[in-house]
Amino acid sequence: SDSIAAIQAITATVCKSHLVADTTQILNSLGTRANTTLSWVPGHRDIPGNDRADELARKGSEARPIGPEPFLPLTSAALTEERTNYLHKLHISRYKKQTYSDKGMTPLLALLESHRQKPISRSSKELKQLTWLLTGHSPLSYFQFKIGMENTQFCKYCPDTPETSEHFLCKCYGYATLRLRILGHITMSWHEALACKPALLSNFIAATGRLNQDNIFQNSQFRRGAL
């Protein structure tokens, strides 16, 4: 065959294609009666067997399908991708109609649009901190002030600015050097930040040390009544 992908599919340990499974079964059956070897050959080099295979493939693609009608000339991979895209758009559409706070909705929408169904492979601690940051329910002063755990909502580096998740990750000048070194920007937008790989976001969070708590209700240096 002149198709490396076809040879790799047939010799793979995992098979998800009915066509590959049928081909493998035929080759195994053939192998019980004769020595059978799979080899790659360059295409369009006047190799008789390969030219004959190309000719049969063309005839097969031009022939009417065999089986019960109606026929759907789409591969299972194409159908899976279309279904995935539809469900993703439906998820985004329904989420946008919710009456959640913009401080939580905006980053989560940006994350969904940037990474879709990609799994985030991080440690449990890193996933916890990312969840804190994206939902806004975190040890940062803005949320702690809202729940009565701190007596100020403002950033200690930027005294007139609430320490929200967006400010901490994207704007705070106290972490500008770390942000530039790890994320490549001195300041950035939510969408720019959440287009970064989750590993980089986790590295930034770890480098600041700002979210190093076991839970979001731990005592803070700014706890209400402490001053």
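## Gln129 and its contacts

Leaving aside residues up to four places away in sequence, Gln129 touches Ile205, Leu211 and Asn212. The model is predicted. Gln129 is located in helix H6, which covers residues 124-135. The relative accessible area of Gln129 is 3%, so this residue counts as buried, the cut-off being under 20%.

## Fold and confidence

The protein contains 11 helices and 0 strands. Its pattern along the sequence is accordingly written α-α-α-α-α-α-α-α-α-α-α. Among contacts between residues at least 6 apart in sequence, 53% join residues at least 24 apart.

Mean pLDDT for the protein is 83, and 89% of the residues reach 70 or more. Confidence is highest in helix H9 (residues 176-183), with a mean of 96, and lowest in helix H5 (residues 102-115), with a mean of 70. Over residues 221-227, pLDDT stays under 50. For that stretch the model has 18 contacts beyond four places in sequence.

## Surface and burial

The protein has 227 residues, and 27% of them count as buried. Its accessible surface comes to about 15,400 Å². Carbon and sulfur atoms account for 56% of that surface.

Ala77 belongs to helix H4 (residues 76-96) and has a relative accessible area of 53%, so Ala77 is exposed, the cut-off being over 50%. From Ala77 to Ser17 the C-alpha to C-alpha distance is 9.3 Å, although the two are 60 residues apart in sequence.

Phe145 lies in helix H7 (residues 141-146). At 29% relative accessibility, Phe145 is partly exposed. Phe145 and Glu163 are separated by 18 residues in sequence and by 9.8 Å in space, C-alpha to C-alpha.

## Cysteines

How many disulfides does the model contain? The count is 0. A disulfide is a covalent bond between the sulfur atoms of two cysteines. The cysteine sulfur closest to that of Cys170 is in Cys196, at 8.9 Å; because a disulfide requires the two sulfur atoms to be within 2.5 Å, this separation is too far for a bond. Cys196 is likewise in no disulfide, with the sulfur of Cys170 as its nearest cysteine sulfur.

Are these cysteines buried or exposed? Cys170 is buried, at a relative accessible area of 0%. Cys196 is buried as well, with a value of 12%.

## Largest pocket

Rolling a probe the size of a water molecule over the atoms shows where empty space is left. In this model the largest pocket holds about 610 Å³ of space. Its lining is made up of 23 residues. Which of them lie nearest the centre of the pocket? They are Ser1, Ala6, Ile10, Thr23 and Ala53.

Three helices each supply at least two residues of the lining: helix H1 (4-11), helix H2 (18-31) and helix H3 (48-62).

Terms used:
Residues are numbered from 1 along each chain as its sequence is written. This is a predicted model: local features need pLDDT of at least 70, side-chain atom pairs count only at pLDDT 80 or more; totals for chains, interfaces and linings use all residues. Side-chain values use heavy atoms; hydrogens and water are left out. Buried means under 20% relative accessible area, exposed over 50%, partly exposed in between (1.4 Å probe, protein chains only). Helices (H or I, at least four residues) and strands (E, at least two) are DSSP runs, numbered from the N terminus. Contact means heavy atoms within 4.5 Å. Accessible areas come from the Shrake-Rupley method with a 1.4 Å probe; for residues, only the protein chains shown count as cover. pLDDT is the predictor's confidence in each residue, from 0 to 100. On a 1 Å grid over the protein atoms alone, a cavity is a set of points where a 1.4 Å probe fits but cannot get out, and a pocket is an open set with protein on both sides within 12 Å along at least five of seven lines; lining residues have an atom within 4 Å of a point. Grid points are joined across faces, edges and corners, and a volume is the space filled by probe spheres set on the points.
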